[in-house]
Amino acid sequence: MADLLERMKKEMLSFSVMFVGISGAGKSSIILRYADNEFVDTLQSTVGIDFRNKKLKYKQKTVNLELWDTSGQEVYKSISNQRYKRSNAVIFVYDLT
């Protein structure tokens, strides 16, 4: 059993990706579309922080992406700052309209 668990760990990679931007920029919409293949016209603003998982196959390995959706509101900035330190990547989202 220990060998199986060890092999599974070697075959799975995990990455944490933060989505940041001002409130209403579309962070939640992008994450929902990518992770769940859904689109909702009207989403409620994210309160604090939220996340979704997306599993992918790459070169015979499973890749787990943790997609972190941060609140664009200034009040929740301290929560987001703690999460940045543990992230592997940051995606900046902004609206040009």
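Here, buried means under 20% relative accessible area, exposed means over 50%, and partly exposed falls in between (1.4 Å probe, protein chains only). The model is predicted, so local features need pLDDT of at least 70 and side-chain atom pairs count only at pLDDT 80 or more, while totals for chains, interfaces and linings use all residues. Residues are numbered from 1 along each chain as its sequence is written, and side-chain values use heavy atoms, with hydrogens and water left out.

View 1. The chain holds three helices and four strands, in the order α-β-α-β-β-α-β along the sequence. Both kinds of element are DSSP runs numbered from the N terminus: helices are H or I with at least four residues, strands are E with at least two. Confidence comes as pLDDT, the predictor's score for each residue from 0 to 100. The chain averages 78, and 69% of the residues score at least 70. Among the elements, helix α3 (residues 77-84) has the lowest mean pLDDT, 61, and strand β4 (residues 89-92) has the highest, 91. The chain exposes about 7300 Å², with carbon and sulfur atoms supplying 54% of it; the areas come from the Shrake-Rupley method with a 1.4 Å probe, and for residues only the protein chains shown count as cover.

**View 2. Strand β1 and its two pairings.** Two strands pair if DSSP finds at least two bridges between them. β1 runs parallel to β3, with eight bridges joining them; here Met12 has Thr62 in β3 as its bridge partner. β1 also pairs with β4 in the parallel sense, over four bridges, and Val20 has Phe92 in β4 as its partner. Lys61 counts as partly exposed because its relative accessibility is 31%.

**View 3. The largest nonpolar core.** A nonpolar core is a set of buried Ala, Val, Leu, Ile, Met, Phe, Trp, Tyr and Cys residues joined through side-chain atoms within 4.5 Å. The largest one has nine residues: Val17, Phe19, Ala25, Ile31, Ala35, Val63, Leu65, Leu67 and Val93. β1, α2 (27-36) and β3 are the elements that give two or more residues to this core, and β3 provides the largest share, three residues. Zoom in on Ile31: leaving out residues up to four places away in sequence, Ile31 touches Phe19, Asp36, Arg52, Leu67, Trp68 and Asp69. Contact here means heavy atoms within 4.5 Å.

View 4. Asn64 sits in strand β3 (residues 61-70) and counts as buried because its relative accessibility is 9%. Its side chain makes a polar contact of 3.3 Å with the side chain of Lys55. A polar contact is a pair of N or O atoms within 3.5 Å; within protein, one must be able to donate a hydrogen and the other to accept it, and residues adjacent in sequence count only if both atoms are side-chain atoms. Beyond its neighbours within four places in sequence, Asn64 is in contact with Leu13, Ser14, Phe15, Asn53, Lys54 and Lys55. Ser16 belongs to strand β1 (residues 12-20) and is buried, since its relative accessible area is 4%. The side chain of Ser16 joins that of Trp68 in a polar contact of 3.2 Å.
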